[in-house]
Amino acid sequence: MTDITITEDQRDCYQELSNVAMGQAADRLARLLDAYVVLPIPKVNMIESSELDMAIQDAEKDTAVSAVCQGFIGSGIAGEALLLFKDTSFQDLAALMNYQGPLNRYGELELLMDVSSVLIGACVHGIGEQLEIHFNQGHPVVLGQHCMAEDILRSGNHQWTKTLAIEIHYTLEHVNIDCDLLLLFTEDSVLKLNKVIDYLLD
């Protein structure tokens, strides 16, 4: 099988597309929480499935998180979005969202689904809009609550061996809210995406 890679120019283009999409998602999150969202530069890498834990920041690997996964597909391009939300963030998130219920497992799940809907939906839509691709999104799936990030990323349930991984790390200023959004594109999709990217670069 052909080894799938991306050139430096393609990586820069993926990074720019991700920058715009993450900005749109951050704007929606900031409006929802009435807080300032800090935006670092997204990381773009081709990785093996066994290296998925390398796609997130070192500081997140040994952290207890709750995670949601949501697939998306459009124009023959498929991928999945994976949101890793630090468990220590729920207290401040509940306060910002004026959540009135008990902050137990079910309350945290409700908050997690609200945040994942905003971030995943806006990011996937933002990238699709720039590529003129309409992505249909599947139902979100909860991968786990109060799990170690490393364990979730090494669960071995992925249907690919190599993927294009885009990591977007979100933090909020002055509060303890911290999460990682990973966009993972299948190998076949990367070949098609690279053609679209090359067209944009010409």
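Colleague: Are Phe 85 and Phe 90 buried or exposed?

Modeller: Buried here stands for a relative accessible area under 20%, exposed for over 50% and partly exposed for anything in between, computed with a 1.4 Å probe on protein chains only. On that scale, Phe 85 and Phe 90 are both buried.

Colleague: What is the mean pLDDT of the protein chain?

Modeller: This is a predicted model, in which local features need pLDDT of at least 70 and side-chain atom pairs count only at pLDDT 80 or more, while totals for chains, interfaces and linings use all residues. Residues are numbered from 1 along each chain as its sequence is written, and side-chain values use heavy atoms, with hydrogens and water left out. The term pLDDT is the predictor's confidence in each residue, on a scale from 0 to 100. In the protein chain 91% of the residues reach 70 or more, and the mean pLDDT is 88.

Colleague: Which element has the lowest mean pLDDT?

Modeller: The elements are DSSP runs numbered from the N terminus, with helices (H or I) of at least four residues and strands (E) of at least two. Where pLDDT is low, the predicted coordinates should not be read in detail. The highest mean among the elements, 96, belongs to strand β5 (residues 136-137), and the lowest, 77, to helix α4 (residues 149-153).

Colleague: How many aromatic pairs does a search of the whole structure find, and of what kind is the pair of Phe 72 and Phe 135?

Modeller: Rings of Phe, Tyr and Trp (its six-membered ring) pair if their centres lie within 6.5 Å, and planes under 30 degrees apart count as stacked, over 60 as edge-to-face and the rest as tilted. The search of the whole structure finds three such pairs. In one of them, the rings of Phe 72 and Phe 135 have centres 5.2 Å apart and planes at 75°, so the pair is edge-to-face.

Colleague: How many residues apart in sequence are the parts that Phe 72 and Phe 135 tie together?

Modeller: Phe 72 and Phe 135, together with Phe 185, form one aromatic cluster. Phe 72 counts as buried at 4% relative accessibility, and Phe 135 does so at 8%. Because Phe 72 belongs to strand β3 (residues 64-74) and Phe 135 to the loop between α3 (105-131) and β5, the parts that this pair ties together are apart in sequence by 63 residues.

Colleague: Of what kind is the pair of Phe 85 and Phe 90?

Modeller: The centres of the rings of Phe 85 and Phe 90 are 5.0 Å apart. Their planes stand at 50°, so the pair is tilted.

Colleague: Which residue has its backbone nitrogen 3.0 Å from a polar atom of the side chain of Ser 89?

Modeller: Ser 89 sits in the loop between β4 (77-86) and α2 (90-96) and counts as buried at 0% relative accessibility. Leaving aside residues up to four places away in sequence, Ser 89 touches Asn 176, Ile 177 and Asp 178, where contact means heavy atoms within 4.5 Å. The backbone nitrogen in question, 3.0 Å from the polar side-chain atom of Ser 89, is that of Asp 178.

Colleague: Which residue forms a salt bridge with Glu 167?

Modeller: A salt bridge is a side-chain nitrogen of Lys or Arg within 4 Å of a carboxyl oxygen of Asp or Glu, and the structure holds four of them. In this one the closest N and O atoms are 3.2 Å apart, and the partner of Glu 167 is Lys 43.

Colleague: How many residues apart are Glu 167 and Lys 43?

Modeller: The pair links distant parts of the chain, with Glu 167 in strand β7 (residues 162-172) and Lys 43 in strand β2 (residues 43-48). Glu 167 counts as buried at 2% relative accessibility, whereas Lys 43 is partly exposed at 32%.

Colleague: In which helix do Arg 31 and Asp 27 lie?

Modeller: The side chains of Arg 31 and Asp 27 meet in a salt bridge of 2.9 Å, N to O. Arg 31 is exposed at 66% relative accessibility, and Asp 27 is partly exposed at 37%. The two residues are four residues apart, about one turn of the helix, and both lie in α1.

Technical notes:
Polar contact = N/O pair within 3.5 Å; in protein donor to acceptor, adjacent residues only side chain to side chain.
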